[in-house]
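Please look through the sequence and the structure shown below before reading on. The paragraphs that follow lead from one part of the chain to the next.

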Amino acid sequence: MLYLDKVLAQLAYPLGLSLSLCLLALLLLALRWRRLATAALVVAVGWLGVWSLPAVSDALRLSLEDRFPKVLVSALPEADAVVVLGGGIRSGTPDWPYPDLGNAADRAWHAARIFHAGKAPVIVISGGSIPWLGDVATEAEAMQEFLSDLGVPSDAVLL
């Protein structure tokens with residue numbers, strides 16, 4: 001089920017959907033349904049072209065990000081814990097022992113900032129591993145290592 005979920009999720013991305021439509025166009029062309037094949041190909045290229053425009057993709061991203069105002073750490077209320085969801089850090093490859101910071105790793109960095117400001121005594125982190133990547137550390141373990149590098153003691157981190 002996990003694999004099916006990952007494959008279907010790829011269809012939600014513009015490239016995945018466009019490639020699927022191109023494959024459909026090839027199938028329709030083989031069945032000699034040229035008009036439908038042409039329509040599928042035009043939609044595939046148009047869909048990918050629209051989402052490739054920075055104005056479109058940036059507008060969608062900003063519409064999601066702008067819902068939440070930025071708040072300085074000093075203005076945050078105190079809490080029992082900071083919860084950091086996975087998705088920004090991966091464990092290093094076998095030949096590189098350090099975590100691989102993704103484009104959303106700032107969430108872990110900000111959690112450390114909140115901890116050091118005394119706003120929360122505990123950081124709760126989440127993140128598993130993907131079975132087909134083999135025996136690698138979980139994302140939560142990689143994030144714990146990164147938080148340790150940022151000076152957060154291991155007894156203040158809950159995986």
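Predicted model: local features only at pLDDT ≥ 70, side-chain atom pairs only at ≥ 80, totals over all residues.

Which residue just after α2 takes a positive phi? Arg-32 does, with a phi of about 65°, and Arg-32 is not a glycine. Most residues other than glycine have a negative phi. Arg-32 lies in the loop between α2 and α3 (34-52), where helices, here and below, are DSSP runs of H or I with at least four residues and strands are runs of E with at least two, numbered from the N terminus. With a relative accessible area of 68%, Arg-32 is exposed; exposed stands for over 50%, buried for under 20% and partly exposed for what lies in between, with a 1.4 Å probe and protein chains only.

Residues are numbered from 1 along each chain as its sequence is written, and side-chain values use heavy atoms, with hydrogens and water left out.

Helix α2 covers residues 14-30, and at 1.5 Å a residue its 17 residues should span 24 Å, which agrees with the 24 Å between its end C-alpha atoms; the expected span is 1.5 Å times one less than the number of residues. Its buried residues are Gly-16, Ser-18, Leu-21, Ala-25 and Leu-28.

Helix α2 packs against α3 at an angle of about 165°, with the two axes 8 Å apart. Axes are lines fitted to C-alpha atoms, for helices over the stretch in contact, and angles run from 0 to 180 degrees between N-to-C directions. The helices α2 and α3 are therefore roughly antiparallel to each other, given that angles over 145 degrees count as roughly antiparallel, under 35 as roughly parallel, 65 to 115 as roughly perpendicular and the rest as oblique. Among the residues that meet here are Leu-21, Cys-22 and Ala-25 in α2 and Leu-41, Ala-44 and Trp-47 in α3, contact being heavy atoms within 4.5 Å.

Leu-41, which is found in helix α3, counts as partly exposed at 41% relative accessibility. Leaving aside residues up to four places away in sequence, Leu-41 touches Cys-22 and Ala-25. The C-alpha atoms of Leu-41 and Ser-20 are separated by 9.9 Å, although these residues are 21 residues apart along the chain.

At the next pair, the axes of α3 and helix α4 (residues 54-65) come within 5 Å and cross at roughly 65°, which makes α3 roughly perpendicular to α4. Val-50, Trp-51 and Ser-52 of α3 make this contact with Pro-54, Val-56, Ser-57 and Leu-60 of α4.

Strand β4 (residues 123-125) is joined to β5 by two bridges, and Val-124 stands opposite Leu-158 in β5.

Terms used:
Pairing = 2+ DSSP bridges.
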